[in-house]
Amino acid sequence: QVQLVESGGGLVQPGGSLRLSCLASGSIWHITIMAWYRQAPGKQRELVASMPTGSSRNYADSVKGRFTISRDDAKKAVYLQMNSLRPEDTAVYYCNVIGLTTTYLNFGSWGQGTQVTVSS
């Protein structure tokens, strides 16, 4: 079983910055993709950024140039640095990890979510 614990959300003024962290634990043999999603009230969950194994990164158009995803495989962690935050970035942010367990089964796990509120 794989668990994800997120941290780093909060209230920030427009133009401010936040850094989200997500730590994975459990029976993990290999992590394939680490990603961040968000869900605003009344809207569907959307992909914010993803980072497959390696150095490639993918971003939603709405966050390109402002957000940066990074991962530390040794720590089984993924981070989301969010700069120049806007009120429309307000949402619950979820970490998502896909990989293989120590018994070579595929897994896909979600974090519990962390609230990010951008408001003056």
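**Close-up 1. E6 and its bridge partner in a predicted model**. E6 is paired with C22, its bridge partner in β3.

**Close-up 2. The open sheet β1-β3-β8-β7**. The sheet is built from 4 strands, and their pairing is antiparallel. Which strands stand at the edges? They are β1 (2-7) and β7 (67-72). Each has a single partner strand, so one side of each lacks a neighbour in the sheet. From one strand to the next, the twist averages 15°.

**Close-up 3. The two faces of strand β11**. This strand covers residues 114-118. In a regular strand, side chains alternate between the two faces of the sheet. On β11, T114, V116 and V118 make up the covered face. Q115 and T117 make up the uncovered face.

**Close-up 4. β11 beside strand β2**. Strand β2 spans residues 10-12. It pairs with β11 in the parallel sense, over 3 bridges. T117 belongs to the uncovered face of β11.

**Close-up 5. β11 beside strand β9**. Strand β9 runs through residues 91-101. How many bridges join β9 to β11? There are 3, and the two strands run antiparallel. Which residue of β11 does V92 stand opposite? V92 faces Q115 across the pairing. Q115, too, lies on the uncovered face of β11.

Definitions and conventions:
Residues are numbered from 1 along each chain as its sequence is written. This is a predicted model: local features need pLDDT of at least 70, side-chain atom pairs count only at pLDDT 80 or more; totals for chains, interfaces and linings use all residues. Side-chain values use heavy atoms; hydrogens and water are left out. Buried means under 20% relative accessible area, exposed over 50%, partly exposed in between (1.4 Å probe, protein chains only). Two strands pair if DSSP finds at least two bridges between them. Axes are lines fitted to C-alpha atoms, for helices over the stretch in contact, and angles run from 0 to 180 degrees between N-to-C directions.
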